[in-house]
Amino acid sequence: MNREPGDGVSVTKPKEWATGLPAVAHALQYSLQQTSVRRTALTLLNINQAAGIDCPGCAWPEPGPKDRHLNEYCENGAKHINDEATTRRVTAEFFREHPVSELDRQSDLWLNQQGRLTEPMVKRPGADHYEPIDWDAALDLIAGELRRLDSPDEAIFYTSGRVSNEAAFLLQLFARAYGTNNLPDCSNMCHESSGAAMRETLGIGKGNVSLEDLYQADLVFVVGQNPGTNHPRMLSALERTKRNGGQVIAVNPLPEAGLLRFKHPQTVRGLLGRGTPIADQFLQIRPGGDLALFKALNLLLLQAEDANPGTVLDHEFIAAHTSGFAEFAEQARKLDWDQVRTATGLTRAEIEQVRDRVLASKRIIVCWAMGITQQKHGVPIIREIINFLLLRGNIGRPGTGVCPVRGHSNVQGDRTMGVWEQMPQEFLDALGHEFGFTPPTHHGYDSVNAIRAMLEHRAKVFVGVAGNFVRAAPDSELTEQALRQCRLTVHISTKLNRSHTVCGETALILPTLGRSDRDIQASGEQFVTVEDSMSMVHASRGRLEPASPHLLSEVAILCRLARRTLGNEPAIPWEEFEADYNTIRDRIARVIPDFDDFNARVTQPGGFRLPNPVNDRRFPTATGKALFSHNPFEMIQPPEGHLVLQTLRSHDQWNTIPYTTNDRYRGIHGSRRVVLVNQSDLDALGIPDRSEVDLVTVWRDGIERRARNFRVIAYPTTPGSAASYYPETNNLVPLDSTARISNTPTSKGVIIRLEPSTTPTEQEHVQ
């Protein structure tokens with residue numbers, strides 16, 4: 001059995017503050033382990049600068065160019081950019097020395113640490129090694145397989161938020177010209193619930209808040225979100241909110257260091273002083289209790305209006321800009337407070353304290369992330385949050401609004417560019433008119449349905465552009481089985497990851513330029529663009545020499561593949577697009593609203609912000625108004641002896657890739673195979689702290705899913721809940737356990753029991 005030794009874990013007290021000098025030291029230490037002093041300086045001086053490299057990590061926006069710090073990055077951003085800029089290389093010799101069967105037993109950490117991919121590789125049918133293949137042969141192989149399919153819908157084109165706007169636009173153009181809308185992306189597995197809820201109630205698929213709004217807010221809710229790890233630069237924005245007199249309420253099953261106190265690493269106060277307390281109130285909620293919390297707040301606001309008519313609700317806004325208020329209010333008054341207590345674990349006094357803060361605030365913003373969207377009732381939660389904001393007119397005014405915080409660099413831009421399996425007809429019509437073809441109109445596969453299609457042999461070719469699909473997806477064993485049943489799997493990647501070891505009959509690895517690499521094409525040096533969480537579109541320019549002369553950009557790979565697959569039908573100028581990315585942006589401007597004069601506007605320092613009709617109190621819904629919704633009461637009720645598991649990142653992790661086996665802020669060192677459980681639950685279950693257990697769940701399909709050999713850590717999480725890292729626990733999330741409406745995997749509501757560890761039937765991935 002190959003697994004991480006259980007005795008390797010050490011535990012210290014969780015941190016009560018985040019960042020400061022330790023963050024600077026850890027960022028530099030990791031960066032210098034990966035690359036040289038010179039390259040580290042070059043990346044860090046250019047990252048998130050107006051004419052520099054957009055951080056490939058999170059999607060948190062940068063301040064305006066005049067307010068931007070010389071060191072406009074966080075600890076994790078510095079690690080991520082230099083993880084990409086590493087001088088370590090994966091060559092053909094590496095693949096000769098390491099068969100796929102051996103690589104398949106390695107951990108995500110080990111695979112990532114091998115370095116940058118350097119040349120195209122192919123695994124032939126029946127082989128156990130990747131071998132070199134030249135670009136022409138590799139692209140001809142893919143094009144041949146695509147042309148041999150019985151239907152274009154037998155192909156799947158997946159992408160993550162790491163790709164640029166230009167590459168995303170070309171990917172969806174290629175897929176639709178080929179004849180399919182099978183365009184699953186990472187948003188399907190994280191923020192799809194946000195878009196579903198907001199499109200229904202507000203008529204938009206993205207948030208309407210800017211950094212200036214955040215600075216002006218009187219009260220900011222941070223719900224189901226850990227900024228200190230997943231988007232640390234948000235803490236500096238919240239610090240500014242606090243210094244402007246605003247307050248912050250944190251809602252989370254776990255106390256998170258960054259929301260307790262923040263030491264800004266770019267200020268003397270942050271480096272040498274005590275820093276800034278962030279959360280004025282911390283609601284340690286039970287997993288799945290957020291819907292009950294906001295329903296309770298809405299009832300309290302209605303009751304406050306009853307007690308003082310005309311002083312609490314914004315009746316003018318409600319009458320002019322919303323529909324459905326009367327029906328919503330009637331249902332809201334039926335709430336059972338005993339159910340609220342059970343669902344949230346909070347006292348009525350705690351919730352009434354929140355109400356008092358709300359009543360004292362004129363401008364309110366609610367931020368949320370995957371702690372909300374990956375719940376079974378994630379869409380109703382967000383609809384109830386929107387009800388809460390509508391009641392007091394906290395939509396469409398400065399300092400107010402909805403703020404879904406995306407966790408990946410350009411995941412919002414991908415969707416704007418058309419990477420979605422169900423783009424509206426207006427987009428398809430504009431695309432077809434511009435390029436002279438009729439795009440397919442039937443909906444394609446999202447990520448979960450793509451896995452089902454591969455399992456059922458309805459999809460036979462998988463093309464992944466960036467990302468690590470195998471480790472991002474739920475139900476790991478089924479996902480791996482699905483990929484292995486494909487005739488061809490293709491991954492366009494910068495670094496080695498687990499998806500490369502889960503091969504179809506034939507498998508290709510196509511190495512590509514990273515965000516930090518210079519991109520030289522026929523017309524000269526190129527730049528790409530991205531869209532952040534707050535709808536700012538800006539340029540990114542690589543500064544480093546590419547990791548290998550054999551690398552192609554994502555744009556070049558897609559253009560060459562499209563030419564080989566489609567020929568001249570339809571007549572799309574793929575060669576022109578590859579040679580000059582300005583020509584891609586010219587076409588984007590003609591297809592996608594609000595991108596007029598794209599090339600000129602994006603070269604302005606800081607880029608430009610896409611307009612949002614909600615900020616003008618225009619709501620493009622069926623009624624032309626914002627919709628109050630009725631959301632039936634729901635909560636998670638685990639059977640006796642079971643816990644509600646949420647999967648989460650460690651601090652030393654980006655997306656699916658850990659950088660070390662430590663989680664410094666939570667005090668976990670030397671292991672990722674840990675499960676955090678409240679001491680009261682351990683006592684009730686008779687499980688000793690630090691004992692070794694299996695995490696077991698049984699879904700309605702009757703299949704027992706088991707994550708083996710985890711060390712129990714007594715931790716101050718909410719009683720009745722547990723927390724553990726993904727992707728190590730993704731196998732516990734059943735493929736069919738998804739959020740209603742959005743079909744997002746329910747990684748924040750897995751019912752588990754703990755059992756003493758058993759001898760595994762198959763090898764574990766080593767750390």
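Predicted model: local features only at pLDDT ≥ 70, side-chain atom pairs only at ≥ 80, totals over all residues.

Reply: Residues are numbered from 1 along each chain as its sequence is written, and side-chain values use heavy atoms, with hydrogens and water left out.

Me: How many residues does the largest nonpolar core have?

Reply: In soluble globular proteins, nonpolar side chains tend to be buried together. A nonpolar core is a set of buried Ala, Val, Leu, Ile, Met, Phe, Trp, Tyr and Cys residues joined through side-chain atoms within 4.5 Å; buried means under 20% relative accessible area (1.4 Å probe, protein chains only). Here the largest has 69 residues, and those with the most contacts inside it include Phe-157, Leu-170 and Trp-574. Helix α8 (residues 165-178) gives the most to this core, with 10 residues; helices are DSSP runs (H or I, at least four residues), numbered from the N terminus. A second, separate core of 55 residues includes Phe-328 and Val-614.

Me: Which residues does Leu-170 touch beyond its neighbours within four places in sequence?

Reply: Contact means heavy atoms within 4.5 Å. Among the contacts of Leu-170 are Val-555, Trp-574 and Ile-584.

Me: Why is helix α9 described as largely enclosed?

Reply: Because 8 of the 10 residues of α9 (residues 192-201) are buried, the rest of the structure largely encloses this helix. Glu-192 and Met-198 are among the buried ones. The partners against which they pack include α21 (378-391) and α22 (411-416). After α9 comes Gly-203, with a positive phi near 80°.

Technical notes. Buried < 20%, exposed > 50% of the residue type's maximum accessible area, 1.4 Å probe, protein only. Helix = DSSP H or I, 4+ residues; strand = E, 2+ residues; numbered from the N terminus.
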